[in-house]
Amino acid sequence: MNIVVLLGGSSAERPISLRTGAGIARALRARGHDVTALDPATGAVLLPGTEETQAALPAGEVALVPRNSTALLSAGSLRDAELVFLALHGGAGEDGTIQALLDLAGKTYTGSGMLSSAMAMDKAVSKKLFEHAGIPTPAWRLYRRREGKAPDDAMARALGGYPLVVKPNDEGSTFGLSIVENAEALQPAYEEALRYSNQVLVEAFIPGRELTVAVLGEQALPIVEIRPKGGLYDYESKYTAGRSEYFCPADLDAAKTSEVQELSLRACRALDTADIARVDFRLAPDGTPYCLEVNTIPGMTPTSLVPMAAKAVGLSFEDVCERVAALALERAAKERRPDAPRNELA
Ligand SMILES: Nc1ncnc2c1ncn2[C@@H]1O[C@H](COP(=O)(O)OP(=O)(O)O)[C@@H](O)[C@H]1O
Ligand SMILES: [Mg+2]
């Protein structure tokens, strides 16, 4: 099959996306597909083996990469693709923007659609839907830059006191996230989060264990427990080898395992995700699993959490990539309306 993998992009998570996309392209090629790796930020086709070189670009240069949707739509390889495999993390690639563009172009793509992607990227919107679906999520408040009101001590008391977590409402990879231990640290943490977003989420800090659940199609895979060696599961411990320990399946009894897996499926249904997603939890000392967020384009480097969970049920990295592609095609076939006007943008 003729598949275009979209990777790179212009978000802060570009380097990880290049690694994810390179791994996916390699896996799909190994399964005999005709794969083109395309960077929507530049419209450039990355030749096999050069994706990692791109990932090594210094941050300063990456920041200069323009957002260029025209380049994407006019790429000949996209026009010919039978399937677009999305390997973009953060920003336009994961928040529904690229999904909308592909909808307009009439292309079939992997993963969640425009609305689902946008809702999952917005942590406050996600949390409203979790609450509606009876999924525990940490107590929270949202602050909008345009409203000009900063979080204060009264808010802290209403959320149950310190520590609190302050984070951008729509950023990934723990950028701009702080754990606030006292009133003095609140304002600096708020300003730091504002560097990444116009909306800042303040949450009750949930002590305990860090769990994540990959959902492949309608199936919750074995739970992964993450133990960061430095305490916080931040950018460093996520992407530096040896900074975290991983346990899969997580050491939980059967009842807690199915409870967390069931909550993961419910979170994905609440947001209407598709094909693949990864749901992040904190497991409090009292046994309550608090849902933090759903990632609609989870990391898929061969050493990421989704492939780790898949391995526990005997699925190789290549199997997972193949399965995601197959799920997207099956879904597209079911959803196609024979009478719908065909869009010929691409
Ligand atoms: N309310 C919270 N209580 C405890 N730890 C948290 C909380 N919110 C975030 N964290 C920690 O920060 C990490 C990143 O937060 P998350 O909400 O998943 O955002 P993202 O992964 O998009 O940066 C979590 O995996 C967790 O380790
Ligand atoms: Mg997360």
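**How do you know? A chat about a predicted model**

Mentor: Let's start with a facing pair in this predicted model: V279 stands opposite V294, a residue of β14.

Trainee: What makes β13 and β14 count as paired strands?

Mentor: Pairing takes at least two bridges. Here 6 bridges join β13 to β14, so the two strands pair. They run antiparallel. In their hairpin, 5 residues lie between the strands, and G287 has a positive phi near 95°.

Trainee: What coordinates the magnesium ion (ligand 2)?

Mentor: D280 through OD and E293 through OE, at 1.9 to 2.1 Å. D280 sits in strand β13 (residues 276-283) and E293 in strand β14 (residues 289-295), 13 residues apart.

Trainee: Why do those atoms count as donors?

Mentor: The cut-off for this metal is 2.8 Å.

Trainee: Why is D280 called buried?

Mentor: Buried means under 20% relative accessible area. D280 has 8%, so it is buried. E293 has 14%, so it is buried too.

Trainee: Why is β14 described as largely enclosed by the rest of the structure?

Mentor: Because 6 of its 7 residues are buried.

Trainee: Now helix α11 (residues 186-194): which residues are buried there?

Mentor: L186, A189, Y190, A193 and L194.

Trainee: How do you know that the buried residues of α11 line one face?

Mentor: Seen down the axis of α11, they fall within an arc of 140°, so they line one face of the helix. In general, residues three or four places apart in an α-helix point the same way, because there are 3.6 residues a turn. Among the elements covering the buried residues of α11 are β5 (140-144), α10 (153-158) and β8 (199-204).

Terms used. Residues are numbered from 1 along each chain as its sequence is written. Chains are lettered from A and ligands numbered from 1 in the order in which they are written. This is a predicted model: local features need pLDDT of at least 70, side-chain atom pairs count only at pLDDT 80 or more; totals for chains, interfaces and linings use all residues. Side-chain values use heavy atoms; hydrogens and water are left out. Buried means under 20% relative accessible area, exposed over 50%, partly exposed in between (1.4 Å probe, protein chains only). Helices (H or I, at least four residues) and strands (E, at least two) are DSSP runs, numbered from the N terminus. The arc is that of the directions from the helix axis to the C-beta atoms. Contact means heavy atoms within 4.5 Å. Donors are N, O and S atoms within 2.8 Å of the metal (3.2 Å for Na, K and Ca); water is not among the atoms, so sites may look incomplete.
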